[in-house]
Every structure is written in structure tokens, then in C-alpha cells.
Amino acid sequence: MAAKSETVASEHVAAHPRAGQVQLALVAIALAGLLVAPMFLYPIFLMKLLAFALFASAFNLLLGYTGLLSFGHATFFGGAAYFTAHAVKVWGWSPEAGILLGVAGAALLGLVMGAIAIRRQGIYFAMITLALSQMFFFFCLQAPFTHGEDGIQSVPRGHLFGLIDLNRPMNMYYFVLAVFVIGLLIIRRFVNSPFGMILKSIRENEQRAISLGYSVQRYKLGAFVMSAALAGLAGGVKALIFQFATLTDVTWQMSGEVILMTLLGGIGTLLGPIVGAGLVVTLQNYLATSDFPVTIITGLVFMVCVLLFRRGLVGEFFATKIGRKMGFRSES
Amino acid sequence: MRKILLSTAAVGLIATPALAEVSDGVVKIGILNDQSGVYADFGGKYSYEAARMAVEDFGGKVLDAPVEVVTADHQNKPDIASNIARQWYDTEQVDAIMELTTSSVGLAVQALSQEKKKITVNTGAATTELTGPQCTPYGFHWAYDTHALAVGTGGALVKEGGDSWFFLTADYAFGYSLEEQTGNFVKSQGGTVAGAVRHPLATTDYSSFLLQAQASGAKVIGLANAGMDTQNAIKQAAEFGITAGGQRLAALLFTLAEVHGIGLDAAQGLTLTESFYWNRTPESRAFGERFKERTGVMPNMVHAGTYSAVTQYLKAIQEAGTDETEAVAAKMHEMPVDDIFAQGGKVGPNGRLIKDVYLMEVKAPGDVTEDWDYYNVLATIPGDQAFLNPAESGCPLVQ
């Protein structure tokens with residue numbers, strides 16, 4: 001993206017020697033907060049927040065770490081929601097199997113869409129993903145198993161591993177939290193692996209990566225499928241949280257929303273998309289009950305962000321002295 | 001944009017504490033419908049006003065507990081509607097949700113409400129699924145349904161010689177249900193169905209659909225859609241010269257609000273079915289005028305139905321002596337309905353209110369004697385003919 005090389009700042013601030021411990025402590029505090037949060041806040045709202053945070057993180061894997069701007073991620077999110085809902089409701093699968101099917105389906109869709117789209121770059125890449133996701137939207141509109149405008153409703157949450165009753169809000173919340181944490185750990189592992197390093201090198205200079213002998217297309221496709229699968233994980237979980245899958249999840253507006261979340265929070269950071277998702281979901285939730293038009297407010301927030309915090313909220317914080325003292329890096 | 005407007009109908013100054021029978025000391029009714037989309041006139045804010053009027057007419061409280069009405073815009077999206085309903089039940093102590101325009105929303109919220117053990121009274125949606133295969137012990141269907149529309153409008157047109165039909169259908173539960181039932185009814189009367197084409201909800205350009213309908217050569221083009229969709233289809237059909245070419249349009253779900261919307265020039269001569277007309281009896285006239293004073297429009301069957309549903313719900317709480325769902329639902333099933341909307345109405349074990357419906361014809365502009373005087377009542381269709389017999393509805397609760 002535009003703000004790519006700005007953060008290789010001239011003033012080098014060394015990380016504090018105990019920065020690692022500080023970061024660990026912060027993660028522990030955040031986790032503890034999430035563990036007790038449902039005592040104070042509406043659990044469904046929190047679950048929605050976690051699902052979208054995971055979705056935005058999956059999207060960030062592609063945009064932030066590989067530099068590919070996909071405009072079709074709703075396909076994987078909404079597609080997985082449909083697969084999970086159908087498997088659980090019609091075939092009577094257990095929730096974990098349903099979610100896995102959603103992930104597999106999303107990965108497959110990602111493979112197809114990715115294989116076509118990565119042949120082009122920049123705006124063309126974005127347009128191809130948008131076109132393919134619109135094709136998928138109209139497929140969902142007409143396919144009998146999605147039930148058109150009705151959507152798949154009253155999806156049973158069922159029992160996790162046949163033991164834990166997910167109909168109880170607290171059980172469901174901790175299940176979603178577990179999925180969220182696992183999803184983030186996967187992303188973290190992926191980003192810090194040699195594979196992730198190669199992706200970053202492709203993002204920084206694709207020609208050089210090719211000249212070093214890497215098969216760039218395959219790496220991009222791998223990242224695309226990985227991102228799609230994780231978006232599918234979020235979608236499958238969302239279908240169980242709200243107990244339905246509808247067209248809303250596969251519209252281009254949903255693809256736009258996840259871009260907004262990621263940009264607001266800060267691309268190329270692990271924390272950014274989570275903060276961005278939290279911000280957008282909270283805004284939607286609280287503005288929805290007021291007379292303010294939600295879309296206008298989020299649009300204004302986006303404009304302010306683009307004009308003032310080019311790196312997003314988290315990216316901007318990481319770029320400050322305090323952020324760098326704490327050992328954070330702003331990737332983009 | 002979704003809004004929640006809060007209206008405390010009762011002046012909370014009266015010092016008597018609420019009786020223990022009413023949970024949380026307040027009876028809360030949610031009016032959930034489309035307030036900004038294609039059905040905003042069909043139900044919309046006016047239904048909310050109708051509900052508030054019913055609460056005020058009831059005295060503002062029941063069993064000494066105040067009655068509140070909350071409302072929200074579901075934008076015709078079942079997911080948004082479910083989220084609002086869930087939040088209302090979980091965090092705002094809403095006891096019953098009513099109106100629920102759009103069948104997809106109606107089915108979603110009714111299913112959710114069964115799980116949460118809360119009452120729904122649907123006045124805005126049409127599908128017979130609500131009291132058929134997907135019926136619930138706490139779900140009621142009040143104003144009209146696709147069966148009544150098929151028997152009313154479909155029957156009238158077949159009688160006039162419209163024996164071959166082509167459907168223009170809204171692509172969701174309501175459209176399918178209306179198309180299927182009208183089609184079956186036409187066939188049972190010896191007619192034929194030439195085909196159907198489906199359009200997404202809130203379509204603005206009907207040209208390709210209308211051309212298919214025109215090419216089918218059917219005598220009647222059945223519009224199995226509602227609200228602005230039907231209005232747009234009728235206007236565009238006129239531009240294509242479809243009616244001038246000898247084909248007839250049958251607006252299967254069309255109410256006073258839509259007639260007002262497209263104007264009498266375009267609507268005159270349409271045959272339609274409604275379960276309420278303000279200018280039919282002195283009582284309905286009085287209600288209509290009070291409603292118009294408040295809102296600026298005359299009520300259609302959805303608005304009057306919502307008034308009736310809220311009133312009946314409050315009466316049932318009074319009779320049961322509690323707002324506990326099971327007891328109130330039982331009372332609503334057994335009490336007769338007699339008000340401005342229904343006379344001698346009864347509720348079937350599947351939750352369907354069985355009352356008379358009326359076949360109307362829209363007047364020519366020259367025949368109108370006062371504002372909103374749009375209809376001639378052609379026939380009264382008795383409730384047991386208009387609505388499915390509960391035993392044949394396919395509702396698993398009816399043995």
C-alpha cells in the first residue's frame with residue numbers, strides 16, 4: 001500500500017531489553033479481559049466481535065503480509081457460513097464437523113478464485129476478485145440450498161464433541177474465544193514461518209523474489225488459500241453464533257467492511273485488524289440504535305483515518321516511540 | 001438505518017408498584033418491521049403508531065403494570081431482524097414481537113421466539129408457512145395470508161375468464177407461497193399456469209421480467225410480490241403497454257397504502273383482497289379517522305391488524321392474570337376476537353386468526369366521494385373459506 005516504506009524511520013529507537021516480557025504481559029491481560037468480558041457485556045455482541053476480528057485478521061494475512069488487496073473475501077466468509085449451516089442443519093453434522101466443512105469449502109473457493117486472480121496485479125487483481133465474488137453472490141441467490149432471500153435459518157448450535165451444550169451462551173462464548181485464539185496462533189505461526197518471510201519479500205519486491213528463484217505465483221496462491229480458509233473459519237463460527245446464514249454475508253458490502261476494519265486498525269500488524277473490527281462492530285452496534293446513519297459515520301471515521309493515521313490506529317501507535325520501546329514493529 | 005423509538009405509554013407517576021404477575025414490572029411489545037425499504041408504507045412507522053394507539057386505548061397499563069412499545073427497522077433482512085429480536089429478548093425484556101413484515105423475517109423471528117419462549121403476532125407477512133409446517137405454540141398470524149389472497153383475488157379473476165396465468169414472483173418465501181397457492185387455486189378451477197419468473201426483492205427494473213410475461217401469452221399476469229415492488233411492476237407494465245395489449249394484471253397483495261402510492265389513475269379497476277377497509281362500517285370509519293388524524297394516512301389491513309393484535313394480547317394478559325408466555329398464548333388461542341378489525345374472529349390451534357376478508361375493486365377517480373375513499377367492496381369471503389382449515393394446514397401442533 002501507499003505508506004509502505006515510511007516506517008523505516010531515520011530515528012532508530014531500540015526496543016527496551018524487557019520488551020518481550022511487556023508484550024507477553026499485555027497479551028495475558030487482553031486474554032484475561034476476554035475471559036471475564038461476558039460477565040459485563042452482551043455475549044452475542046462479544047462473539048460477533050471475535051468472529052469479525054478473526055475475519056479481518058485472515059484478510060490482513062493477504063493484504064498486510066502479502067500485499068494483495070482482495071475485494072472478494074465475503075465469498076469465503078459467507079460461503080463457509082452457508083456450508084456450515086447446511087451441514088449442521090440439513091445433514092445433522094456436529095458443530096465442529098460443520099465448521100471444518102466450512103473451512104474446507106472456503107479453502108476450495110479460495111483455490112479457484114486465487115488461481116484465476118493472482119495472474120494479475122494491483123487494481124486488476126482486486127477487480128477480478130470482486131467479479132468472482134459477485135458471481136458467487138448470484139449463485140447463492142439462485143441455488144436452492146441457500147434458500148434465496150430467506151437464508152438458512154434456525155441452525156442448531158448442537159453439542160461440541162457431543163458433550164458441551166453450545167446453546168448455553170457462556171459455553172458458546174468460550175468456544176468462539178477458543179476458535180479465535182487458535183486462529184490467531186495459526187496466523188502468527190504462519191507469518192513468522194519461512195513461508196511468511198518469503199511472502200513479505202514478495203510484497204516488498206516481487207522481481208527480486210523471482211530472481212532469487214522463488215516461484216512467486218505458488219506462494220501467493222498459498223497465502224490466498226490460507227487467508228480464505230481462515231475467513232471461512234470465521235464465517236462458519238458466525239453461522240453458529242447467529243444461527244443463520246444469509247445473503248448479507250456474501251455481498252460486496254461485506255468484502256468492503258473487512259477492508260475497512262483492516263485499514264482502520266492498521267494493516268500488517270497482528271493486532272490492527274482486531275482493533276479495527278472491534279471499532280467497526282461497536283460503532284455499528286451502538287449507532288444502530290440511534291438516529292445517526294451508521295454508514296455515514298463509519299465513512300467519516302474512515303476518511304479521518306486515511307487523512308490522519310495512514311498506518312491505522314495500531315500501526316500509528318506502533319510507530320510512536322512508546323510503541324517501539326515496547327518492541328512493536330509496524331510492518332507497513 | 002435502524003431506529004429504536006421508545007414510548008412509555010403509561011405515565012409512570014402512579015405510585016402503585018407493579019403486580020408480581022408481570023415479569024420485570026413492565027409489559028414490552030416490540031414492533032419490528034421495514035421502515036425504510038419497499039414495505040415502509042405497507043406497514044412501517046404506521047404500524048408502530050397503531051400499536052401505540054392500541055396501548056393508549058387500553059389505558060396504558062395491564063394488571064397495573066405499564067405497557068411500553070419499542071420499534072426497530074429490520075430492513076427486510078432476516079439476519080438483522082434476528083439480531084434485533086435476540087437482543088430485545090436477551091437484554092431489553094421485550095415480551096412479544098409483532099408486525100414482522102416480510103415472510104423471511106417472519107419465519108426467522110417466529111422460530112427464534114419459540115426457542116426463547118416468547119409470543120409473536122405476525123400482521124405484516126403473508127406466508128401460510130407461519131401457521132403451516134413451521135407453526136409454533138407461541139406464534140400467531142393475524143391480518144391475512146397467501147391462501148386468503150389466492151382465494152380472493154385469484155378466484156375473482158378466474159371467474160371473469162382469466163384462466164391462463166403467468167407469475168412475476170418475488171424471490172423469497174412469501175413469493176413462492178403466493179405463487180404456489182394462487183397457481184393451485186387457478187388449476188383447481190380448471191385454469192392453467194403458463195410459467196413464472198422470479199425477481200429479487202426491491203427490484204427497480206422489471207423490463208426483462210415483464211417482457212417474458214408478455215411473451216407467455218397468458219391472459220393474467222399474477223404479481224406475486226408486494227409493496228413498492230408491485231407498484232413499480234404495475235407502472236412499468238403500463239409503459240410496456242401490457243394492459244393495453246389485452247393481458248390483465250393481478251396484484252395479489254395490494255393494500256390501500258399502495259393504491260394511494262400509485263394513484264387512482266393507475267390503480268383504477270384493480271381487484272384486490274384485504275381483510276380490512278376503513279370505510280366499511282361505522283366502527284371502522286371511526287377508527288380510520290382517528291388513525292388518520294394521528295398519522296396522516298388511512299389504515300390498511302396491516303395497520304388495523306396490528307392495532308387488533310396488540311389489543312388482543314393485552315386482553316389475554318388481563319384474562320390470564322400474568323404475562324407468562326404459556327398462559328397468555330393459551331388465552332389467545334381460546335378467546336374470540338371482536339374489535340374494529342375482526343368481528344366474531346377465532347384463533348385456530350395453529351395460531352391462525354380466522355376472520356372474514358373482503359374482495360375489493362379500486363374505484364375510478366370520478367367515483368371517489370371523499371379522501372381515501374378508494375374501494376368498492378365486491379364480496380365478503382367468510383373466514384373458513386378464506387383461510388386454510390387448521391387441520392389441513394400441515395401444522396404439526398394440530399392432530
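Predicted model: local features only at pLDDT ≥ 70, side-chain atom pairs only at ≥ 80, totals over all residues.
Residues are numbered from 1 along each chain as written, with chains lettered from A and ligands numbered from 1 in written order. Local features need pLDDT of at least 70 and side-chain atom pairs pLDDT 80 or more, while totals for chains, interfaces and linings use all residues.

Student: What makes up domain 1 and domain 2 of chain B?

Tutor: Domain 1 is 5-144 + 280-355, and domain 2 is 147-274 + 357-386. Such bounds come from an automatic or database domain assignment. The C-alpha centres of these two domains of chain B are 28 Å apart.

Student: How many residues of domain 1 of chain B are in contact with domain 2 of chain B?

Tutor: 24 residues of domain 1 contact 26 residues of domain 2. Contact requires C-beta atoms, placed from the backbone, within 7 Å.

Student: What makes A:F55 stand out in the largest nonpolar core?

Tutor: A:F55 and A:V176 touch the most other members among its 230 residues. A nonpolar core joins buried Ala, Val, Leu, Ile, Met, Phe, Trp, Tyr and Cys residues through C-beta atoms within 7 Å. Buried means 20 or more other C-beta atoms within 10 Å of the residue's own, with C-beta atoms placed from the backbone. Beyond neighbours within four places in sequence, A:F55 contacts A:F77, A:A231, A:A234 and A:V258.

Student: Why is this core said to lie between domain 1 and domain 2 of chain B?

Tutor: Both domains of chain B give residues to the core, so the core lies between them.

Conventions:
Contact = placed C-beta atoms within 7 Å. Buried ≥ 20, exposed ≤ 12 C-beta atoms within 10 Å, placed from the backbone.
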